[in-house]
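Me: I'm new to this one. Can you walk me through it, a bit at a time?

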Amino acid sequence: MKKIIFYANQFFGGVGGENEADFEPVIKEGPVGPALAFKEALKDAEVTHTIICGDIFMASHKDEALKRIAAFLEGKEFDIMAAGPAFRAGRYGVCCGEICKFVHEKYGVQAVTSMHEENPGVAMFKEEPFYIMKGGASAAKMRQDAAAMAGIVNKMISGEEILWADAEGDFPLGIRKEVFAEKTAGDRAVDMLLAKLSGQPYETELKIEPRDNVVPSKAVGDLSKAKVAFVSTGGLVPLGNPDRIPGGTCSIWATYDVSGKDVLVKGDFYSVHCCINTDFVNANPEVLFPLSSFREFEKAGVIGELCNTLYSTTGNLATLKDARRMGKEIAEALKKEAVDAVVLVSTRGSCTRCGATMVKEIDRAGFPIVHVTNLVSVSKVTGANRIVPGYGLVSPFSDPLLTAEEQKAMQKSLVERALKAVSTDVTEQTFF
């Protein structure tokens, strides 16, 4: 009987919610959490162990997490690695992709996971030689997604032919398979042409995915005369959330006046983001928006002025369509404010994907803009041109466990890098 190792994050592994997202990896015997539904659909195979790791720990300490997982796997016989399902949860999808890639490369075993089409993990790992099944948007599809993963695993085990992506329900691996068709190529081409001419649906046999690259905007010429705006996808809002910004699947954005403020303090602003531990932001909003550092650069003449309008939304699980629209709308608002450059910050996986999508639209509108995020791989694969690696997922601008003086130094350093990014011409994706 074939043996399978399963991977789940801290939530689905039964450890806890976002407050346990920094949970360090452990291994347990047998199936745990989603592995139970996965096991039900298996044939001639068993889940011998389940690895559980917090999303933040895997994302922020990947090398250490994989090192520990390798130690768990030492001496264990297994044939397949399964991870997820990750639905539309971007950070979880990235973690599932990382573990599948690592185990496939290190041990040479096959791997499978499942993600929604808008999960940034799909774009990051679609060219890797493991299967990513097309999953649902939320955990409501857990049983179906787990069964689909088990279905492809059953074919691996039995030696049954694995068909093309559309037939199996996975994302294409970039491998073309020859099959016998009932109609000749000429007949099929004519059928497609007739369908197109009559307005009927048709599907090409050679899909070419367009790359939505944006030419980087020209950098700010004189930063000391520039007006710099700040945008957040971290759900940062005034106490009480007056505009009712949702904590997830958000499709609206709002503006807030910070004129007269030199620093953000507890009680002024807080985060409504429902998929990060907001304790650090709520205790000190400057870990998400370091207003005091921008003010200091403003008073020192490093920048001409900070735009007194904070642009805010929640990127968590936002659709790409909504992210593009919000980016375009904010770009129009920035034009009215006569802004010269923009700094945009994001938190977790789908939040970073949303943020990077908005960055592209604002960049496309002609504003030099930099994306500050801890998940730089998600920002890169989405297509942001200027990227500053932030400190952490829930606190991009500083380590909240440092002293106040140390946090301030870290914030100023990151803001300084962001300002350097918007004042530096680039011709390709660049990390600052």
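Me: Where does the charged end of Lys-106 sit?
Reply: The charged end of Lys-106 sits over the ring of Tyr-107, 5.7 Å from the ring centre. Keep in mind that this is a predicted model.

Me: And which ring does Lys-134 sit over?
Reply: That is the ring of Phe-171. The charged end of Lys-134 is 5.6 Å from its centre.

Me: Let's talk rings. How many aromatic pairs are there in the whole structure?
Reply: A search of the whole structure turns up 13 aromatic pairs. One of them is Phe-12 with Tyr-92. Those two are stacked, 5.8 Å centre to centre, with 15° between the planes.

Me: What does that pair tie together?
Reply: Phe-12 lies in the loop between strand 1 (2-9) and strand 2 (26-29), and Tyr-92 lies in helix 4 (residues 90-107), so the pair joins parts 80 residues apart in sequence.

Me: Is Phe-12 buried or exposed?
Reply: Buried. Phe-12 has 18% relative accessibility, and the cut-off for buried is under 20%. Tyr-92 is buried too, at 1%.

Me: Which residues make up the ring cluster?
Reply: Ring pairs link Phe-11, Phe-12, Phe-87 and Tyr-92 into a cluster.

Me: Back to Tyr-92's pair, and then on to another. How are Phe-78 and Tyr-107 arranged?
Reply: Phe-12 and Tyr-92 were stacked. Phe-12 is buried at 18% relative accessibility. Phe-78 and Tyr-107 form an edge-to-face pair, 5.5 Å centre to centre, with 65° between the planes. This pair also links distant parts of the chain. Phe-78 is in the loop between helix 3 (62-73) and strand 4 (80-83), and Tyr-107 is in helix 4, 29 residues apart.

Me: How buried is Phe-78?
Reply: Phe-78 is buried, with a relative accessible area of 11%. Tyr-107 counts as partly exposed, at 28%.

Me: On to helices. How do helix 3 and helix 4 pack?
Reply: Their angle is about 50°, with the axes 11 Å apart. The two helices are therefore oblique to each other. Their crossing is right-handed.

Me: Which residues make the contact?
Reply: Helix 3 brings Lys-62, Leu-66, Ile-69, Ala-70 and Leu-73. Helix 4 brings Glu-98, Ile-99, Phe-102, Val-103, Lys-106 and Tyr-107.

Me: What about helix 10 and helix 14? At what angle do they cross?
Reply: Roughly 60°. The axes of helix 10 (residues 291-299) and helix 14 (residues 404-422) come within 9 Å. That makes helix 10 oblique to helix 14. The crossing is right-handed.

Me: Who touches whom there?
Reply: On helix 10, the contact is made by Ser-292, Ser-293, Phe-294, Glu-296 and Phe-297. On helix 14, Lys-408, Gln-411, Lys-412, Val-415, Glu-416 and Leu-419 make it.

Me: Which residues of helix 10 are buried?
Reply: Leu-291, Ser-292, Ser-293, Phe-294, Arg-295 and Phe-297. They pack against strand 7 (227-232), strand 11 (305-312), strand 12 (341-345) and helix 14.

Me: What follows helix 10?
Reply: Gly-301 follows, with a positive phi near 80°.

Me: Tell me about Gln-411. Buried or exposed?
Reply: Gln-411 lies in helix 14. At 3% relative accessibility, Gln-411 counts as buried. Leaving out residues up to four places away in sequence, Gln-411 touches several others, including Asn-284, Pro-290, Ser-292, Ser-293 and Phe-397.

Me: And Ile-52, where is that found?
Reply: In strand 3 (residues 45-53). Ile-52 is buried, with a relative accessible area of 0%. Beyond its neighbours within four places in sequence, Ile-52 is in contact with residues including Ala-8, Val-15, Phe-23, Val-26 and Val-32.

Me: Last topic, the backbone. Is the bond from Gly-84 to Pro-85 cis or trans?
Reply: Cis, with omega near -5°. Pro-85 is in the loop between strand 4 and helix 4.

Me: Which residues have a positive phi without being a glycine?
Reply: Asn-241 has one of about 50°, and Ala-338 has one of about 55°. Asn-241 is in the loop between strand 8 (236-238) and strand 9 (254-257), and is buried at 9% relative accessible area. Ala-338 is in the loop between helix 11 (320-336) and strand 12.

Definitions and conventions
Residues numbered from 1 in each chain as written. Predicted model: local features only at pLDDT ≥ 70, side-chain atom pairs only at ≥ 80, totals over all residues. Heavy atoms only, no water. Phe/Tyr/Trp six-rings, centres within 6.5 Å; stacked < 30°, edge-to-face > 60°. Helix = DSSP H or I, 4+ residues; strand = E, 2+ residues; numbered from the N terminus. Buried < 20%, exposed > 50% of the residue type's maximum accessible area, 1.4 Å probe, protein only. Lys NZ or Arg CZ within 6 Å of the ring centre and 35° of its normal. Axes fitted to C-alpha atoms, helices over the stretch in contact; angles between N-to-C directions. Parallel < 35°, antiparallel > 145°, perpendicular 65-115°, else oblique. Left-handed = near helix turned anticlockwise from the far one by under 90°. Contact = heavy atoms within 4.5 Å.
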